[in-house]
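Have a look at the structure first, then go through the points below.

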Amino acid sequence: MSTYSNLNFQPVAKKIESIYQARLHLFLDEGQYRAFNLPKFYENGRVHDGHVRMEVYSVPGTGRPGFEIASKEKYRVVAKGELFGPSWTTHWFKIEIKVPDPWLKVGPVVFNWNCGNEGLIFSEEGKVIHGLSGEQRCEWVLPSSWMDGKSHTFYIETSCNGMFGNGDPNDNIQPPDDDRLFKLESADLVWINSEARALRLDFTVISECAKEMPASSWQKHRALEVANAIIDAFDESDVASIAKCRDIAKQFIGTNVNTPGVFKSDQEALIMAVGHCHIDTAWLWPYAETRRKVGRSWSTQLDLIERYPEYNFVCSQAVQYQWLKEDYPDLFERLKVQVKAGRFMPIGGSWVESDTNLPSGESIARQFIYGQRFFGANFGIRCKTFWLPDTFGYSAQIPQLCRGAGMERFVTQKLSWNNINTFPNTTCNWIALDGSQVICHMPPGDTYVSTCTVEDIYRSLSNHKNSGIDQTSLLLFGHGDGGGGPNPEMLERIRRSRGVSDTVGELPRVEMDGNVDKYFDRVEKRTDSGSKLVSWTGELYFEFHRGTYTTQAFLKKANRHSEAMLHDIELLATIASLTVPGFKYPKKRIDEVWKSVLLNQFHDVLPGSSIEMVYDDVKEIVSFVNRKLESLLTSCFNSLGLSSGSELTAVNTLPWPRSEVVKVESAAAIKALTQDTKDGKYMLLESSGSSLVAIGVNSNASLLPAIAEEIMPGVFQLSNGYLKVIVEGGLITSMVDITNGGREIIAKGSAGNQYLLYDDQPLNWQAWDSEVYSLNKKKIVPAGEVSILENGPLRATLLVKQRISEDSWMESAISLDMHNPSSAFPCYLEVNSEIEWRESCKFLKVEFPVNVHCDYATYDTMYGTIRRPTHFNTFWDVAKFEVCTHKYTDFSDFTYGVTVLNDSKYGFSVHGNIMRLSLLRSPKAPDAHADMGRHRIRYAIYGHAGPINADVVRSAFNFNHPLKATFGGIKAGIELPFYFEGPQNVVISVVKRADDDEDVSTDELPTRKGKSIILRLYDSLGGHSAGYIVSTFPIKAAYRTNLLEDDGEEIKPVSRADGKWALPISLRAFEIGTFRLQMN
């Protein structure tokens, strides 16, 4: 019989969804209705007086003593409400607690601490326990063993900075406040109501579903019904009503959300949640603070791993693991246990999460080599995924370098920040210049710091741009940038979200494995080993943060100098280790320098986007690096007899002949053609073939002197039989290539070497950004006063004095050297500028309108070149109004080209026929004094017949590796022991000893007997090339290897009639080839 009533006298209204939706936030509101809603029951009790005793030791200055020192200092009694500071100071608290007797058997009890800053808890014995922060983490769950009615003591080390440093909390990328104070708000024992907190999470997820689910879904409306039913069932006078509310919640989230069993369903999950903690190695805080952030963040994650069986955690940057090992050895041992268990997963394979626009290709190779070797030596693993979520664009050769370092996968999300075009892919094959590929995944949640909201989960599926091929994605969650990582609330949210998916459906299903390698394995399986994925070839250009190619010029210059010096030192030390009895290859000292250089390549340091305090540290590191480099170079010179002779010569570390004017300070007699200067002499030196030593050139009828003359008032001419240059007021009004039919390089009616001062006021992110509209507003730096400074025969120089503004000035030496017709290289016009820079929000550039027409220009990049458009046909073209270059930029048509060389600059653009080199910026945040002061800038311009050629590449290397003058005892004609015979587009970029040689190795990885040499070569221009590596030493065996020096294909060396050994090799276009030569 039906139970349906015949009569109805009780009308039921349909809910007005907007009102009932708005009602939901009141249930969790901490404001006016708190006493009537759930927050009333979050705590069963809170005590301080009589149960918490506190003392503090305030460290003088900005010292950061460890536990062993700080625990022995004199402490004073402290109370809640006191202020601590100023910024960056450290305060150690000694805490004694006793849990109230009525709480001992009911628990759980937490210690609630909020001083508004970061902290780290230590046991009374000095063991690291747990991290704290006033913004994200204020509680520590007391050990069950402390629920014994006895007093227990622990320490908290606090640092006076927030998670994002000491900037304005509402605009933290402004310069930090050095006088910030932090108030100790709470230091209490709290008996928490676990069920009330669990209901808060239940309700949060359900109410988010009511908001975020599609209007067309029944689940959205059901979520609203359930959430309102929970509110209606809640009784603020009866704590037992919480259980009733949780029962109602089960209708929507299921019955299993309190355990990891919620993930045991056999239904497919498309989203893999990955716990992650992005810690900027330096940014709005110095390196020293990052070392402590690592301890705070990772101790907390180890605690979560122990509390949540389903939770795994990934983290990158080998240097941070190294710091943990040095600073918190007990914590490092705990971490190693979880690495072995597969719960704490190192990822990324690199020393730091570096910038990938500015470093050389070899620097990126070393990031991988040092990173992978550290992970191998300490954990017995190699990473398979390059992890770089926050870097400002990605060079075209990264996939090839990844593959060389054993990584087939790549994760980033930064291109979601593009401010002009939307990158079209989520999961794709990213292809390098040589054809190497990696599977690239850009999590469609568009963040690496998700808090696991329902919105984040939806976006992880709905924003997927390749879902027709593969629908899966990663969800990267956890507090980041300043560290912290996931917290319990995030893990509980994911449990409940999974419960929703398996109970009512609609919400994309999330799994909690966190194993990135497993995710990519599935992608490969679902896409026929990646063959179904779409492809993207070339650079991943970031349409944002273009100012980072220029900001903090001193560091960019130091980085380039260090990279060049390390190349030279490794080459010379390798030669010495093969030829000088008793010489030990200085691997440990070289490693020390490399690691310091790589550290400063972190993606907020080298790009120039950190606070001033970071660059104070960087200057000390740069000074240390320079001292080490000079010491290493001197040691190599001494060992090779390059500094013990009477004849002034020079060392050529590049494997091709050179003719170069070198300035020497010595006034000693020189048996060569010289020219006096006010502080020394110029000397013409020349090396032939692949000679290691360049010797002085005596006067020779074929040499064409450089001449400077004033041909009419205010009009000056530099000439040398190769070039004829007219200069007026510092502007180059004519530059004629005499040897190429009198070709005029400067565009008709224009002038080169024109300095321009642009307004530079980006929408935000001052140190990072320079916007397209800045090109609309510029001032021409007025013409200057010109005089003849030097008048040949080796070098002719004009001195130009110009005023940039009332506060800034520049003096430029425009020079032309003697032309040696027997030299293989063209002559270039060199500019050396000394600039006093005192501007605000201005951008200084120099431009050259040239007599060339082409729709693309060629830019030097790591281990190759990249072509970019010179027009603005599409918004993709417009977005590249400022791009990154390395040693040169070439602009050529079929018959002629112009090259601009530099030794320390990276920002460039070529549009129409104007080549424009970026020199200096003056942002005021986050470093209020960025780039202020004196700068010395060096660049050059020259023309060449036909399109870009190998001479362009070699000239750029010459410009960055000048001959090194020395009083040497080695005679001319001594060859470099290794060189390449074949097409000139192939460059030997590295000659060094093998890392695993038993007399060289510095880590705990297996070693190899004998002496091996590593040579790295690459095709610089984009053509298949074959030739021979030639060695003057006997070769026992040879192998093609990867970057990590694992032997691959064996190559049979050939003994030649001239006593040398040859190794036949071939390279694909833009291929990087690494070879190990086992010496006999």
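**A nonpolar surface patch**
- L763 counts as exposed because its relative accessibility is 71% (exposed is over 50% relative accessible area, buried under 20%, partly exposed in between, with a 1.4 Å probe and protein chains only).
- You'll find L763 in the loop between β33 (754-759) and β34 (778-780); strands here are DSSP E runs of at least two residues and helices are H or I runs of at least four, numbered from the N terminus.
- Together with V772 and Y773, L763 makes a nonpolar surface patch of about 290 Å².

**About the model**
- This is a predicted model, where local features need pLDDT of at least 70, side-chain atom pairs count only at pLDDT 80 or more, and totals for chains, interfaces and linings use all residues.
- Residues are numbered from 1 along each chain as its sequence is written, and side-chain values use heavy atoms, leaving out hydrogens and water.

**Cis peptide bonds**
- G85 to P86 is a cis peptide bond with omega near 0°, and P86 sits in the loop between β4 (83-84) and β5 (90-97).
- G107 and P108 are joined by a cis peptide bond too, with omega about -10°; P108 is in the loop between β5 and β6 (109-114).

- D528 has a positive phi, near 55°, in the loop between α13 (516-526) and β22 (535-537).
- With a relative accessible area of 44%, D528 is partly exposed.
- D931 has phi near 70° and lies in the loop between β46 (914-921) and β47 (933-945).
- D931 counts as buried because its relative accessible area is 5%.

Terms used: Patches are made of residues with over 30% relative accessible area and no salt bridge: like charges are joined within 9 Å, nonpolar side chains (Val, Leu, Ile, Met, Phe, Trp, Tyr) within 5 Å. Accessible areas come from the Shrake-Rupley method with a 1.4 Å probe; for residues, only the protein chains shown count as cover. A salt bridge is a side-chain nitrogen of Lys or Arg within 4 Å of a carboxyl oxygen of Asp or Glu.
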